[in-house]
Amino acid sequence: MGVPLRISAIVALRASEAGASEPLDALSADIREFGDGEVLSIGPYGYAEKANSAARSATGELLLFINDAQPASPRWLARLIGAIERAGTGAVGPRLIDAAGTEETGRRLRPDRFGPTGFTVEPMRGLGSRTECDALAPACLLTPRALFLELGGFVESFGAEFAIVDYCFRMREHGQRVMVDAGATFERTATEADAFAGAEHRREHDAFAARWREAAVPRDNLWPERSANLIRRDEAFESGYLREFTFVPDTTVLVHGPAPAAPSEFRSALYHTQGSLRTIVWACDGVPPAGVETAADALTAAQRLTERRGDGYIAFVRGDSVLGPNWLGELMDALEYAPETIAATIVPAGEPLAAAMPCSADARCTLVAPRFAPQDLRLRNDLPLNDALGDWIARAVVAGRNVRRVRDAHSIAGPAESDGGFAALWGTPLESYRLPNPLRLAATLPSLPEPLASIVMLSWNAPHFTEVAVASIRAHTRMPYEIIVIDNGSEPETRKRLAQLQGVRIIYNAKNTGFAYGCNQGLAAARGTHVVLLNNDVVVTDGWLEALIDIQQRNPTVGMSAPYSNHVGGIQQIAEVPYTDIAGLPAFAANRSGELRGHSLRVNRAVGFCLCISRRVIEEIGGLDPRYGLGGFEDDDFCLRVRAAGYEIALCADSFVHHFGEASFKANQLDASALFFRNKAFFERRWGTVVNPLAPDPKDAYDARAIIRRGFDRANDFVPLPEPVGVSADWVGPA
């Protein structure tokens with residue numbers, strides 16, 4: 001540590017108002033032991049205004065805000081200052097313990113679909129020694145005074161709780177990190193219940209919601225936290241959390257550009273860093289180190305490496321960069337902070353952190369996670385590597401991903417290099433490309449073609465259900481659509497009744513080709529921008545299709561969406577619907593969609609009774625696997641391939657479809673149990689997993705995440721569609 005920094009502690013203690021001076025005396029002693037400083041005491045009421053006034057008159061380089069808490073560990077101040085001196089850190093707080101022994105190590109955002117903001121700020125517990133978070137509790141916060149004043153201090157209409165969370169949010173928009181150092185411990189001297197009381201708190205909550213509901217709503221229900229070589233990923237559902245511990249992914253390093261000025265030091269830094277190196281690909285001038293893979297062209301190598309999704313990292317490093325002792329660890333810390341972060345990049349020496357959050361990164365010293373890029377997002381062929389990677393990342397950001405910047409005091413990225421290709425595409429040089437706020441991206445999304453939905457249904461006898469489904473589609477679907485029915489070898493009476501359906505495109509099969517193959521025939525015949533695979537034993541409701549397509553239009557990383565229903569199992573099922581017959585369905589569905597407009601969950605599995613699939617997903621992964629025969633597990637298989645290819649699956653709370661359930665199986669007297677166990681065995685062999693049919697929730701029946709982490713392998717995972725066959729009608733609705 002260099003020259004001691006002067007500390008100005010701004011303390012609000014209820015005990016101090018009663019005349020007790022012990023906490024202030026102890027705090028003053030700690031500050032004097034560390035170096036020069038001052039303690040400024042303020043009352044707890046009107047906190048933000050008093051804290052701002054004290055900050056303006058303070059003389060320290062660092063501001064230490066303490067509110068109803070006191071130190072409980074030695075050398076706590078040295079720990080906090082050591083953390084704040086890390087590059088890119090704007091605020092740091094300690095580990096907190098209350099009277100009951102409950103600990104808190106920072107706060108993070110969680111979705112809350114019923115709340116006014118769409119998110120809640122929850123405590124984090126039991127993480128590593130230094131943890132990045134979304135916000136801090138009001139008990140203790142250390143921040144540079146210059147940054148505090150630059151951001152305008154605390155919002156004075158807020159009390160301590162909301163003022164500090166709001167400050168942390170603004171700081172993160174400013175490109176700074178919020179950290180907790182668990183080596184410093186504080187004890188609370190007042191409970192949160194004291195702060196959360198009465199109409200004043202409700203007023204502040206409403207104002208906070210109005211300020212942040214657009215900017216801070218989490219895009220996903222998955223959160224990772226990295227500690228050493230382990231990542232903990234929590235996935236939230238209404239029924240609870242699904243937790244996974246996994247090792248930090250391996251990294252492939254692509255070295256490109258000029259030869260290193262000091263080859264031995266460069267090679268040593270490449271290998272001696274935190275993280276697991278899988279491969280080094282040398283596409284750089286100069287003599288490659290022994291044992292590395294070589295590539296003649298850096299762009300071709302980058303295209304090959306980024307093509308495979310899955311749970312690995314790719315590091316792009318220019319040969320003339322100087323790498324610090326933990327360059328890869330610093331980048332991993334930033335990349336694993338949030339699930340939507342696709343890239344982390346080291347800020348070159350002397351380049352300031354941008355006031356707006358970064359929206360791209362070049363190939364000088366950048367770590368990327370291809371698993372967050374949809375499979376159809378690829379590096380361009382007509383740009384040099386630096387601009388091609390910048391364009392790839394920028395397009396991912398426009399699709400909803402984030403970029404984080406790291407200033408490592410020991411690492412220096414090589415000089416910027418561009419032939420102007422990025423600027424020609426995006427209207428500004430790569431190094432200065434920014435969006436005002438990448439959390440508000442709707443206005444920047446490219447214009448999309450007018451959606452047309454191809455609704456594909458299979459028929460195998462039981463014609464009444466098909467007639468009811470078609471009638472409900474015509475009554476409750478407003479956007480353009482077409483209906484394609486694949487009749488899978490039905491009896492003549494069924495075929496006769498299908499022929500009487502007006503404006504329905506029909507494919508007649510002489511025998512039952514199986515559920516997956518029949519669906520693939522519909523996919524091959526479909527003309528829409530989206531294809532909906534819909535069981536024929538359903539009744540749709542107002543807005544069902546619009547909601548399924550809207551989530552994909554607003555979130556380009558979502559490649560497939562599905563509704564909720566009364567009869568599907570798992571988290572998609574509304575177990576106890578209030579209606580007792582179809583007559584009560586419209587009112588229930590209308591109330592539900594009105595209350596939950598725009599709400600969704602990201603999942604790894606959706607039940608195949610109704611799947612809305614983007615055309616680009618079908619082009620990348622193909623159709624359903626016909627080896628599952630008459631049906632069962634083909635929807636699980638398809639979902640795994642969708643997710644492995646980098647696309648998200650969304651369950652839309654504002655879309656509801658009534659499902660009678662297993663109509664074709666019952667009408668044709670199939671042994672569903674025998675079919676289940678046959679396909680279960682094939683699914684287990686296909687993916688190398690074990691299915692537990694007794695799991696209370698289907699999402700827990702097998703380890704989908706382990707399969708998704710492998711990535712999409714086109715040679716083994718792509719399912720080609722059959723050649724299109726003739727259909728009996730040519731019509732586009734709505735009627």
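**Reading the features**

Reply: Phe-676 is partly exposed, at 31% relative accessible area. Buried means under 20% relative accessible area, exposed over 50%, and partly exposed in between, with a 1.4 Å probe and protein chains only. Phe-677 is also partly exposed, at 47%. The model is predicted: local features need pLDDT of at least 70 and side-chain atom pairs 80 or more, while totals for chains, interfaces and linings use all residues. Residues are numbered from 1 along each chain as its sequence is written, and side-chain values use heavy atoms, leaving out hydrogens and water.

Me: How many residues of helix α17 are buried?

Reply: Helices are DSSP runs of H or I with at least four residues, strands are runs of E with at least two, and both are numbered from the N terminus. Helix α17 spans residues 544–554, and eight of its eleven residues are buried. Among them are Trp-544, Leu-548 and Ile-551.

Me: How many aromatic pairs are there in the whole structure?

Reply: Rings of Phe, Tyr and Trp (its six-membered ring) pair if their centres lie within 6.5 Å; planes under 30 degrees apart are stacked, over 60 edge-to-face, and the rest tilted. The whole structure has 22 such pairs. Phe-676 and Phe-677 have ring centres 5.0 Å apart and planes at 90°, so this pair is edge-to-face.

Me: Which residues touch the most other members of the largest nonpolar core?

Reply: A nonpolar core is a set of buried Ala, Val, Leu, Ile, Met, Phe, Trp, Tyr and Cys residues joined through side-chain atoms within 4.5 Å. The largest one has 63 residues, and those touching the most other members are Leu-254, Phe-316, Trp-327, Leu-385, Trp-392 and Ile-393. Helix α12 (residues 385–398) supplies the largest share, nine residues. A second, separate core has 43 residues, including Ile-486 and Phe-712.

Me: Where do Asp-311 and Arg-709 lie in the chain?

Reply: These two form a salt bridge, defined as a side-chain nitrogen of Lys or Arg within 4 Å of a carboxyl oxygen of Asp or Glu. The closest N and O atoms of Asp-311 and Arg-709 are 3.9 Å apart. Asp-311 lies in the loop between α10 (298–307) and β18 (313–318), and Arg-709 in the loop between α23 (704–708) and α24 (714–717), so the pair ties together parts 398 residues apart in sequence. Asp-311 is buried at 12%, whereas Arg-709 is partly exposed at 26%.
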